[in-house]
There are 2 protein chains.
Amino acid sequence: MLSNRQLLVLQVIIDDFIESAHPVGSRAISKREDISYSAATIRNVMADLEDMGYLEKTHSSSGRVPSEKGYRYYVDHVIGPTIKNGKINIMKHLIQDEFMELEKLVQKSAEVLSDLTSYTSIILGPEIYDTKLKQLQIVPLSQHTAVAILITDTGHVEHRSFSIPAELHASDLEKMVNILNERLQGVSLVRLPEVLNSEVLSLMKIYVNDFEKAYDYLKSAFFNEQPSKLYIGGKTNILMQPEFKDVDKIRSFYSMMENENEVVNLLRNPQNGIQVTIGHENKLEAIKDFSLITASYHLGDDQMGTIALLGPTRMEYRKVITLLNALSNEMTEALYLWYKNNG
Amino acid sequence: MLSNRQLLVLQVIIDDFIESAHPVGSRAISKREDISYSAATIRNVMADLEDMGYLEKTHSSSGRVPSEKGYRYYVDHVIGPTIKNGKINIMKHLIQDEFMELEKLVQKSAEVLSDLTSYTSIILGPEIYDTKLKQLQIVPLSQHTAVAILITDTGHVEHRSFSIPAELHASDLEKMVNILNERLQGVSLVRLPEVLNSEVLSLMKIYVNDFEKAYDYLKSAFFNEQPSKLYIGGKTNILMQPEFKDVDKIRSFYSMMENENEVVNLLRNPQNGIQVTIGHENKLEAIKDFSLITASYHLGDDQMGTIALLGPTRMEYRKVITLLNALSNEMTEALYLWYKNNG
DNA sequence: TATTAGCACTCAAGTATCAAGAGTGCTAAC
DNA sequence: GTTAGCACTCTTGATACTTGAGTGCTAATA
């Protein structure tokens with residue numbers, strides 16, 4: 001347990017370092033208005049904090065720098081309790097645009113978020129779990145090709161072109177689409193493959209010649225790859241940070257960002273609320289120098305998606321956490337409204 | 001006009017420099033098997049080439065480095081004549097996938113291209129000028145919202161969600177869609193706004209209540225923004241190049257790449273064939289250190305799109321130009337086949 | 001006359017040395 | 001318990017020196 005004075009010093013050092021990116025010395029601290037101790041006293045406190053693992057030196061006679069443990073303590077005990085559950089109305093003007101699709105809205109939010117901080121923002125989702133199939137259409141383009149279009153009740157549209165096998169007759173295709181629409185309308189997307197197997201397959205056997213081929217086509221066209229909707233904003237922001245002067249670091253960061261799967265895995269956040277992962281707490285090698293703050297947004301009980309900010313461990317935690325918390329609330333609210341209008 | 005010897009030396013220097021990224025000295029050249037002159041002779045030649053502006057020194061006693069004029073000469077007179085109009089079958093396996101959409105195919109090509117070189121690849125298009133509208137659909141999602149879907153005869157799908165104004169009745173909406181489909185089917189996309197104005201507007205006046213509102217909605221939903229289909233591959237590749245150690249350069253490069261419009265403008269290439277822009281020949285400040293090689297691919301007479309590679313001025317011109325030339329041929333052929341199947 | 005060997009000269013880049021400054025830890029005094 | 005004082009450490013930037021690669025020029029050579 002830290003004494004009040006230790007806590008104060010830790011806090012001041014972290015605040016200072018977050019702002020300046022330079023190691024903080026005892027004299028600088030003792031000069032501050034809110035500190036009434038001499039440099040020597042501060043030095044003693046700092047030595048204690050270092051022994052406890054909250055601070056580090058860059059070399060034997062340097063000022064102190066927060067360790068990851070220090071940041072952890074700072075986030076958990078200093079910032080955490082002060083966060084109010086507010087909103088800032090970042091998205092207000094975005095939501096008002098009636099043409100705005102859900103996805104555009106999210107994308108826009110990612111941009112705003114990265115502009116507001118100087119970090120990289122990542123937004124995952126929304127994955128609407130009880131999204132239901134609204135309509136399935138197959139529009140023939142020519143004798144050999146057609147485009148399949150899947151529309152959900154949330155206005156999300158997926159499409160896939162495919163060639164029509166010579167064996168499959170146009171009439172069969174039509175029948176198939178009719179069966180599918182009849183049986184699958186209103187079925188939630190996650191249950192689609194299941195229902196397809198249990199209910200539709202048998203029907204197709206009866207009515208559609210060469211149903212297997214058709215079925216295979218259908219399945220591969222829609223139900224294989226679930227594209228994760230990932231929006232990244234401000235990828236160049238980390239280049240502003242003094243800790244990323246090193247080209248190798250930059251490269252490993254950008255390589256990671258280009259790999260969607262890795263980023264998605266990073267964000268899969270089982271817990272609710274704000275989640276802070278500092279430096280080596282991150283499982284991914286490429287971001288051992290980074291901190292990642294994630295927040296989820298919801299509709300009802302289902303987690304819908306994740307907003308995150310990625311920056312150096314020397315991050316403006318207070319600002320970022322407040323912002324992310326607010327935005328997550330706003331998005332939850334916006335989704336609720338949006339959904340009410342569309343439900 | 002350069003003498004044979006001068007040309008030889010220029011060529012050797014450029015080849016060497018492209019490979020090593022280090023200034024090339026006279027001794028190194030004279031040691032080469034294909035060079036039978038002493039270092040002193042080479043020095044004289046180099047001095048001449050420098051006077052003519054084809055070479056530069058990095059400092060008064062350094063080896064020589066090609067100037068932009070040098071590269072220009074090299075590209076125009078050394079490489080240009082040797083390029084054969086070949087194909088390499090990069091895309092062969094890509095095209096065989098029957099599910100592949102045109103856009104995916106292009107995207108994949110961009111990836112392959114950047115993997116094959118160590119530069120950044122940019123592909124624009126395909127913009128199919130005589131793409132025709134196949135079908136227009138409006139699927140209501142709820143009382144207040146609907147999603148409009150536009151399908152072209154090339155299998156391209158655009159969609160936009162919008163809210164239905166209270167004043168607009170469902171029956172009107174339906175009527176409108178019917179009118180639109182009837183009148184606009186088969187109309188080429190570029191002529192869409194025009195035909196909309198001339199033919200459809202008057203019809204709508206007659207049959208649809210509150211046609212103006214509906215018309216406005218429609219227009220804003222589809223005909224405003226023409227999304228340019230831009231695919232970029234290997235953005236991290238330039239970080240491998242030794243000339244981009246400087247964080248500022250990296251930042252300005254990535255900032256530019258994030259701005260789609262700028263990139264698109266870069267590629268709008270009025271001419272056919274391969275186009276090489278070296279260093280300061282580029283209009284965009286951010287790529288004054290880069291060379292850009294563009295090639296167009298076609299269907300018939302219309303230019304359809306552009307493939308490009310962006311790398312340092314010290315680029316493997318021979319390899320890149322050969323590759324791009326081949327790929328442009330392949331894409332033209334692939335499009336032809338694709339179109340034949342779909343026409 | 002064209003080529004080459006030789007030599008003095010230049011510059012970049014790496015290395016060593018030094019001084020200044022910021023900061024520490026410890027001790028002794030308050 | 002707090003602080004002043006002091007010796008000590010380490011970084012940083014400046015300066016100088018060395019080395020090596022490379023040049024330009026001149027005079028000798030084929």
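Which residue of strand 10 of chain A stands opposite H298(A)? The residue opposite H298(A) in strand 10 of chain A is Q303(A).

This is a predicted model, in which local features need pLDDT of at least 70, side-chain atom pairs count only at pLDDT 80 or more, and totals for chains, interfaces and linings use all residues. Residues are numbered from 1 along each chain as its sequence is written, chains are lettered from A and ligands numbered from 1 in the order in which they are written, and side-chain values use heavy atoms, with hydrogens and water left out.

Helices (H or I, at least four residues) and strands (E, at least two) are DSSP runs numbered from the N terminus. Two strands pair if DSSP finds at least two bridges between them. Strand 9 and strand 10 of chain A run antiparallel and are joined by ten bridges. Five strands of chain A form an open sheet with antiparallel pairing, in the order 7-3-10-9-8. At its edges lie strand 7 and strand 8 of chain A, each of which pairs on one side only.

| Strand of chain A | Residues |
|---|---|
| Strand 7 | 230-233 |
| Strand 8 | 275-278 |
| Strand 9 | 290-299 |
| Strand 10 | 302-312 |

Elsewhere in chain A, helix 1 (residues 4-20) and helix 4 (residues 68-79) pack at an angle of about 110°, with their axes 11 Å apart; axes are lines fitted to C-alpha atoms, for helices over the stretch in contact, and angles run from 0 to 180 degrees between N-to-C directions. Helix 1 and helix 4 of chain A are therefore roughly perpendicular to each other, a term that covers 65 to 115 degrees.

How values were computed. Parallel < 35°, antiparallel > 145°, perpendicular 65-115°, else oblique.
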